[in-house]
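Keep the viewer open and turn to each element as it comes up.

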Amino acid sequence: MEIIKAENLTFEYIRRDEEGNVEGITTAVDNVSLDVKKGQFVAILGANGSGKSTFAKHINAILYPTEGTLYVDGNDTKDDDKLWTIRETAGMVFQNPDNQIIGQVVEEDVGFGPENMGVPTEEIWDRVKESLKAVGMYEHRKESPNHLSGGQKQRVSIAGVLAMHPKCIVLDEPTAMLDPVGRKEVIRAIRALNDVEKITVILITHYMEEIVHADKVFVMSKGKVEMEGSPREILSQVDKLKELRLDVPEVTMCAYKLRKAGLPIKEGVLTIDELKDELLRLKSIKKGEV
Ligand code: ADP
Ligand code: MG
C-alpha cells in the first residue's frame, strides 16, 4: 500500500517582471512518477538544484503540481478539504533547526504541534515524553534549546513532528548544517523512527553515506528521477553517480578503484567491514593458489 504516490508530477517556477509578464520558467520537477510504500525508508538523493526540495514541498501541500498529481495516503494534495489531513499525515523537517524551534524549553517546544492540533493536555505530555524518548532527547527535556548542539536541536525538531503522530516524515537535508557527530546522531534517530516506530521516512540528502540503510533510493537530476534501486544497486554505479555530480563514499570509491586496478572485488561495497571481508577473501584465495 502506497503512502505517497506521484503521477507524472511536474512543477514550474514562473518568474514575472513588475507588470506580471512572464520572464522565465524553471521546470524544477519534471514528470516524476514514484511510489513510497507504508513503512518504507526511502532516500532521495541529488545534487543542488536537482528538484529535491520542490518535490518535498508537494508532499506537505506547500506547493501544488503544475501538471500531474500527488497523493498522500490516498488524498490528492490539490483537494483543499484534505489540506489538514495531508499535513497531519506527512510531517516535514527542514535543514535549519534554529528556524524550527520556537519554545524556550525543549518539552514545551515539542508540545506546540499537538497543542495546535487540539490534542487534550494530558495526552500532549504523553506524546512529548514518548517523542523525546524516541530521538534520545528525554533527559534534556527541561533545558533551553539555545544550549543544545546542532544535532540535539535537530532531534528536538524531529520530536516536535513526531508528537503530531504523522504516518510519514519527510526530512529535507536534516543534516546539512551539522558536524559529523551531529549528523550521526540525527541519522541514528531517523533510523529508529523507521525501525522502532514504523514511521515511513523520506530522507532527502546529498550525503551518499546516509542512503546506506534505506530500503529504496531515488536519485534526482534536473528535476527527473535518473536512478532508482536499493542502496547497493545505486552505489555500484560509480561512473553514473560521478556524472550526476554526487560524491561517492570513500569506502565505495576505494573498492571501485581496486576493482578497476584488476582485483576481483564485488561491486557496490557499502561499509568498511564489507571491504575488509572482500580483501580477506582475496588473501585466502591467493594463499590457496600458492
Ligand atoms: P534541490 O532541493 O535539489 O537543491 P530545488 O527544488 O531547491 O532543488 O530547486 C530546483 C530548481 O528550482 C533549481 O533550478 C532552483 O534554482 C529552482 N528554484 C527553487 N526554488 C525556487 C523559487 N522559489 N523560485 C524560482 N526558482 C526556484
Ligand atoms: Mg533543497
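In which strand is the place of Ile-14? Ile-14 sits in strand E1, residues 2-16. Helices (H or I, at least four residues) and strands (E, at least two) are DSSP runs, numbered from the N terminus.

Before going on, please note that this is a predicted model, in which local features need pLDDT of at least 70 and side-chain atom pairs count only at pLDDT 80 or more, while totals for chains, interfaces and linings use all residues. Residues are numbered from 1 along each chain as its sequence is written, chains are lettered from A and ligands numbered from 1 in the order in which they are written, and side-chain values use heavy atoms, with hydrogens and water left out.

**The open sheet and its surface**

Ile-14 counts as partly exposed because its relative accessibility is 42%. On this scale, buried means under 20% relative accessible area, exposed means over 50%, and partly exposed lies in between (1.4 Å probe, protein chains only). Together with Val-22 and Ile-25, Ile-14 makes a nonpolar surface patch of about 260 Å². Patches are made of residues with over 30% relative accessible area and no salt bridge, with like charges joined within 9 Å and nonpolar side chains (Val, Leu, Ile, Met, Phe, Trp, Tyr) within 5 Å. A salt bridge here is a side-chain nitrogen of Lys or Arg within 4 Å of a carboxyl oxygen of Asp or Glu, and the areas come from the Shrake-Rupley method with a 1.4 Å probe.

E1 belongs to an open sheet of four strands, ordered E2-E1-E4-E5 with antiparallel pairing. Its edge strands are E2 (22-37) and E5 (75-76), each pairing on one side only. Two strands pair if DSSP finds at least two bridges between them. Between E4 (residues 67-72) and E5 there are two bridges, and Tyr-71 stands opposite Asp-76 in E5. Helix H1 (residues 52-59) lies across E1, E2 and E4, at about 120° to E1; axes are lines fitted to C-alpha atoms, for helices over the stretch in contact, and angles run from 0 to 180 degrees between N-to-C directions.

**The parallel strands**

Now turn to E7 and E8. Five of the five residues of E7 (168-172) are buried. E8 (residues 200-205) is largely enclosed by the rest of the structure, because six of its six residues are buried. In a regular strand the side chains alternate between the two faces of the sheet. In E8, Thr-200, Ile-202 and Ile-204 lie on one side and Val-201, Leu-203 and Thr-205 on the other, all of them buried.

These are the parallel pairings:

| Strands | Bridges |
|---|---|
| E6 (residues 90-93) and E7 | four bridges |
| E7 and E8 (residues 200-205) | five bridges |
| E3 and E8 | five bridges |

Some facing residues can be picked out: Gly-91 stands opposite Ile-169 in E7, Cys-168 has Thr-200 in E8 as its bridge partner, and Ile-44 stands opposite Ile-204 in E8.

**A loop residue**

Finally, find Gln-40 in the loop between E2 and E3 (41-46). Gln-40 counts as buried because its relative accessibility is 17%. Leaving aside neighbours within four places in sequence, Gln-40 has contacts (heavy atoms within 4.5 Å) that include Asp-35, Asn-194, Thr-200 and Asp-215.
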